[in-house]
Amino acid sequence: MAIVYSEPTPMRALSADDHWRRAYQQDQQSKRVLGSQADLFNGRTITHYRRHRPAPEVEAPAMESIKAKLERTKDDPFAAYGPERADRPAYLSKVEKAAIIQGATNWLRVRQRVRIIDAPGAVDPEYGPHLFLGREGVVWKLCTGTFEDHCYVFLNPVGAERTAKIRMVELRDIEPIA
């Protein structure tokens with residue numbers, strides 16, 4: 001009950017990045033909404049959304065069949081997180097993470113336009129980060145601590161998307177757009 005009866009904590013001042021995020025999100029929302037149509041008989045107002053360009057065509061990595069996945073994971077209880085790839089280790093060492101972070105220091109900043117170029121293997125082909133391959137967006141927020149080799153990306157809308165897509169992506173999976 002001490003929390004309930006305590007004084008509310010004062011709101012922290014918004015940084016320049018916070019102001020930019022708020023303005024960018026409102027701008028993107030205004031671009032998505034085409035208009036609204038009020039109902040004459042007190043029904044709910046219908047919002048019309050703009051159609052965007054389709055998602056880029058990207059050659060998706062070959063998905064493992066269910067039979068092959070069951071055969072591969074039969075004796076290994078830790079193999080449930082998708083197929084391993086020879087060109088992409090699932091877990092990076094501290095030295096490899098530091099090298100990726102050091103390589104991104106020249107371009108990694110909030111507001112930087114980026115493209116997703118790679119993604120880890122998916123357990124289920126219907127879901128996962130591989131669905132965003134080829135998509136573009138802006139760096140929304142940088143991560144610290146355990147996930148300092150990740151950042152949040154605000155993706156540009158494609159097709160008939162109506163909601164904002166903000167996804168956490170590894171730094172090794174994005175490249176800057178000039």
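Biologist: What makes Arg-111 partly exposed?

Modeller: First, a caution: this is a predicted model. Arg-111 has a relative accessible area of 37%. Buried means under 20% and exposed means over 50%. The value for Arg-111 falls in between, so the residue is partly exposed. Arg-111 sits in the loop between α4 (94-104) and β3. Its phi is near 85°, a positive value in a residue other than glycine.

Biologist: Asn-42 also has a positive phi, of about 60°, although it is not a glycine. Where does Asn-42 lie, and why is it called exposed?

Modeller: Asn-42 is in the loop between β1 (33-37) and β2 (46-49). Its relative accessibility is 77%. The cut-off for exposed is over 50%, so Asn-42 counts as exposed.

Biologist: Now the aromatics. How many aromatic pairs are there?

Modeller: The count comes to 5 aromatic pairs.

Biologist: Why is the pair Trp-20 and Tyr-24 called stacked?

Modeller: The ring centres of Trp-20 and Tyr-24 are 5.0 Å apart, and the limit for a pair is within 6.5 Å. Their planes stand at 25°. Stacked requires under 30 degrees, so the pair is stacked.

Biologist: How far apart are Trp-20 and Tyr-24 along helix α2?

Modeller: They are 4 residues apart in helix α2 (residues 16-32), so about one helical turn separates them.

Biologist: How do you know whether Trp-20 and Tyr-24 are buried or exposed?

Modeller: Trp-20 has 19% relative accessibility. Tyr-24 has 14%. Buried means under 20%, so both residues count as buried.

Biologist: What makes the pair Tyr-24 and Phe-154 edge-to-face?

Modeller: Their ring centres are 5.3 Å apart, and their planes are at 85°.

Biologist: Which residues form the aromatic cluster?

Modeller: Trp-20, Tyr-24, Trp-140 and Phe-154 form one aromatic cluster. Phe-154 has a relative accessible area of 0%, so it is buried.

Biologist: Why is β5 called largely enclosed?

Modeller: Of the 6 residues of β5, 5 are buried, so the rest of the structure largely encloses this strand.

Biologist: Which strands pair with β5?

Modeller: Strand β4 (residues 136-142) is joined to β5 by 5 bridges, and the two run antiparallel. Val-138 has Phe-154 as its bridge partner in β5. Strand β6 (residues 165-170) also pairs with β5 in the antiparallel sense, over 6 bridges. There, the bridge partner of Leu-155 is Lys-165.

Biologist: In the largest nonpolar core, which residues touch the most other members?

Modeller: Of its 14 residues, Val-114, Ile-116, Cys-151, Val-153 and Ile-174 touch the most other members. β3 (113-116) and β5 each supply at least two residues of this core. β5 gives the most, with 3 residues. Apart from this core lies another, of 6 residues, including Tyr-24, Val-110, Trp-140 and Phe-154.

Biologist: What does Ile-116 touch, not counting residues up to four places away in sequence?

Modeller: Ile-116 touches Phe-132, Leu-133, Gly-134, Arg-135, Leu-155, Val-169, Asp-173 and Ile-174.

Notes
Residues are numbered from 1 along each chain as its sequence is written. This is a predicted model: local features need pLDDT of at least 70, side-chain atom pairs count only at pLDDT 80 or more; totals for chains, interfaces and linings use all residues. Side-chain values use heavy atoms; hydrogens and water are left out. Rings of Phe, Tyr and Trp (its six-membered ring) pair if their centres lie within 6.5 Å; planes under 30 degrees apart count as stacked, over 60 as edge-to-face and the rest as tilted. Buried means under 20% relative accessible area, exposed over 50%, partly exposed in between (1.4 Å probe, protein chains only). Two strands pair if DSSP finds at least two bridges between them. A nonpolar core is a set of buried Ala, Val, Leu, Ile, Met, Phe, Trp, Tyr and Cys residues joined through side-chain atoms within 4.5 Å. Contact means heavy atoms within 4.5 Å.
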